[in-house]
Amino acid sequence: MSAETPVCQLLERQSTDYRGWLWVAPPRDRWLEEREGHLLSADQTLLSAWREGGRGASSPFAMDELAPEGVVLFWPKAHAQGEWWLLWLCARLAPGTPLHVVGENQGGIKRVLKVLAALGLGCRKVDSARRCSLFASRLDRVDIDPDAAWTSFEAEGLTLVSHPGVFGHGKLDDGTRLLLAQLASSLPNQGSMLDMGCGDGIIAAWLARRGLAVTAADVNGFAVEATRRTLATNGLEGEVFHSDVYAGLPQTRFDAIVSNPPFHQERAVDYGPAGRLIAGAPERLESGGQLVMVANAFLPYPDLLERAFGGFEILADDRRFRVYRAVKR
């Protein structure tokens, strides 16, 4: 099978034997899923796909010791997250392990030259095609702790722990701020709450501080870890799951689902996760339970809410964002 994505098409034409290599943060590509090697990713959809196919796949936050023949790092949209992956790999794998870094030119792959030089790692350009570039280096020990990428900031009277690539990194998102302003008057004072797409954990922590039973979930492993750290830092309780929408959650129902769902996958618009969130919400809510969500005003969610619940109301609209509520009858 031929590669589907430009970065994998560039790898496909290389003479390097990638058997036994570690594939770090790759895109979905069936060509890649047929190669030998072990996946390392924070994306639950990728992890599930590889595991269902009987392939080795790990999260960086739950990984056994590995000694791969080499590493291919797919440079992410968030450059600071790419730098974290480099630091993590240097800290965890043997010095001298071959490293290939590949990415789209539009996504900033050429920045890798400066990043590797700053870490004292040599680098050479291997190939370029399909508006992508491939660079080669070798891992070595560096004097920077990858944990230094975890930062904290204050918002809504809470200390939020964040990481590059996590939604809301370093600041409170305006949509989330509008959502929180509506929750006190729209949610019950007790019951079970699900924060879907938890990001840095601001919603989960806000709900837990009110004494509500909180479950949080995110497809991004960095967000899952950030939410766990946010809850712990504030002395709050809650369960946090690495889950692709509802797929990784226990079969329980909630009194409310609260969300600021994503609508991008890298640089592409993707309504899929929000669509599945809305469509599946009635099955995950108790009778009388409600879905409260915030979204950019231009997004086509009213039709989805109408279809799933038979009706909805708009709690707030500041022209940029809308807060919707739909109740299970």
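Modeller: A salt bridge is counted here when a side-chain nitrogen of Lys or Arg lies within 4 Å of a carboxyl oxygen of Asp or Glu. The model is predicted, so local features need pLDDT of at least 70 and side-chain atom pairs count only at pLDDT 80 or more, while totals for chains, interfaces and linings use all residues. Residues are numbered from 1 along each chain as its sequence is written, and side-chain values use heavy atoms, with hydrogens and water left out.

Aspartate 317 forms such a bridge with arginine 322, their closest N and O atoms being 3.1 Å apart. Relative accessible area describes the setting: under 20% is buried, over 50% exposed, and in between partly exposed (1.4 Å probe, protein chains only). Aspartate 317, at 44%, is partly exposed, and arginine 322, at 24%, is partly exposed. Shared partners also join Asp147, Glu225 and Arg229 into one network of salt bridges.

Glutamate 33 pairs with arginine 28, with 3.2 Å between the closest N and O atoms. Because its relative accessibility is 23%, glutamate 33 counts as partly exposed; arginine 28 counts as partly exposed at 46%. Glutamate 34 forms a salt bridge with arginine 35, where the closest N and O atoms are 3.7 Å apart. Here glutamate 34 is partly exposed at 47%, and arginine 35 is partly exposed at 28%. In general, side chains of opposite charge can pair when their charged atoms come close. A search of the whole structure finds 14 salt bridges.
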